[in-house]
Each structure stands twice: as C-alpha cells, then as structure tokens.
Amino acid sequence: MRWESLKAPATAELIRRHLPGAGATALDVGCGSSAVAAELADDFALVVGTDLAATAVELSGRRRRADGRLDGHPTVLADAERLPFADAAFDVVYSYGTLHHTRLAASLTEVSRVLADGGVAVLVDFCRESPGRRSVPRHIADALTALPGYARRSDLRTAVSITLHRLGPTWLRHVRRDRFLSEREFTEQYERALPGAVFYASRGRVVAVWKKVGNVHR
C-alpha cells in the first residue's frame, strides 16, 4: 500500500532510535506490507515479518526479489498470540500499531518468549486521549495534519488520495472498531507482562522499550 510505504521511514526511525544497536535477527509483529521491515533491513542480518492477514502477507510477497526473498526478509502468516518460532529466536522484537488487536497477556508473553536474553523489544501502539473517548476525532485531525508531509514525500495527488482514504467511511468504520487503552492502562498492562519496561508517550502513541534479562516469560 502506498500509504504504508510513505509512513515507513518515520516509523522505522521511531523504532530505531530506541534500539541500542544493530542485532543479528529481528521480528516484526504485524508487519502489514513489510514496508517498515524493508526500511530496517540494513540494520539486521535478518528481519522476519509476521501478520495474521493473508492479504498482508500477499502484499509483502509482491516485494520479493529474484532469489525468492522479500527484500532480504521472509514473511510468515502467524498469530501474535501464538508465534511459530523457537524460544529466544530473535535479538529484537518490534511492533507498530498492532497489539491492540490482540489479547495483550498472550501476545506480550509471546514477545518475551521469542526474545533472546539481553534482547530488546520496541512496541509502539496508540492510546486513547481520555477514558472512554473514542479515537475517531484524533484520526481525523491526524489525517489532515499529515497531508503536507505526504505531499512532500510523494506528490499532492497521492497525498490527497491518502487523506481522502483516511477520512472515508471504510477507514472510519475500522477506527471505530479499535479500542485503545488509556496511557495509564497501557503502561500498567505492559509493565505487568514486561517488568522493567520504559515508556515514552507522544502524539497519541506510547512506546514500550523492554530489555529481557533472564527467562522471564510466563
């Protein structure tokens, strides 16, 4: 999706700034079209993407190189609550805007399980502005605010097309189905699963950064 490709550099930089350095292997939980994984591919020897939607994995597959790999990283159809990887398989696990669709206790336990001792998880998700408030008004404001940036990175026609999509009924129906945690609920639930995590909040998002020390997954 063109929109994902335009967002990917900023999303990748947000994740990258919280990493202590490049590692050997990384897992992208909820990779979508794998645009972010492609941006981070040079930071790691291997980036593996997972998504529960077959259409997302299919989109990723369209980016495959002649040798059959997806810009150097494979994608797997997988549920974040039941990741098909061995314990301690990755040096870094990251996710953006995905985990609110999951049962957090299960998905965060899986993040911990597949992360190697000493590895780092960078998990970014949206939170609601105040208890009980739906996120539609913020999404409308965000769509309009982002328009100039999309125009700079592509062209005005593409930027307007993306903005109209984000303001259209299909996207807003999707947004209404989302149920985001408050910032307090976010930190409480992530801290419970990932003790010692550090949190950064900005523009309706919270970033949880967690270094695994010892065998803590339950």
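Visitor: Which residue stands opposite G49 in β3?
Guide: That's T75. Bear in mind that we're looking at a predicted model.

Visitor: What makes β2 and β3 a pair?
Guide: Two strands pair if DSSP finds at least two bridges between them. Strand β2 (residues 46-51) and strand β3 (residues 75-77) have three bridges, in the parallel sense, so they count as a pair.

Visitor: And how do you know that β1 and β2 pair?
Guide: Five bridges link strand β1 (residues 25-29) and β2, again in the parallel sense. At least two are needed, so the pairing holds. A26 stands opposite V47 in β2.

Visitor: What makes β1, α2 and β2 a right-handed unit?
Guide: With the strands pointing away from you, a right-handed path from the first strand over the helix to the second runs clockwise. The β-α-β unit of β1, helix α2 (residues 35-40) and β2 is right-handed, so this path is clockwise.

Visitor: Why is β2 called mostly covered?
Guide: Buried means under 20% relative accessible area. Five of the six residues in β2 are buried, so those five fall under that cut-off. Across the 218 residues of the protein chain, 48% count as buried.

Visitor: How do you know that β6 and β7 pair, and in which sense?
Guide: Strand β6 (residues 198-202) and strand β7 (residues 205-211) pair over five bridges in the antiparallel sense; the requirement is at least two, so they qualify. S202 stands opposite R205 in β7. The two strands form a hairpin with two residues between them, and R203 in the turn has a positive phi of about 50 degrees.

Terms used. Residues numbered from 1 in each chain as written. Predicted model: local features only at pLDDT ≥ 70, side-chain atom pairs only at ≥ 80, totals over all residues. Heavy atoms only, no water. Helix = DSSP H or I, 4+ residues; strand = E, 2+ residues; numbered from the N terminus. Buried < 20%, exposed > 50% of the residue type's maximum accessible area, 1.4 Å probe, protein only.
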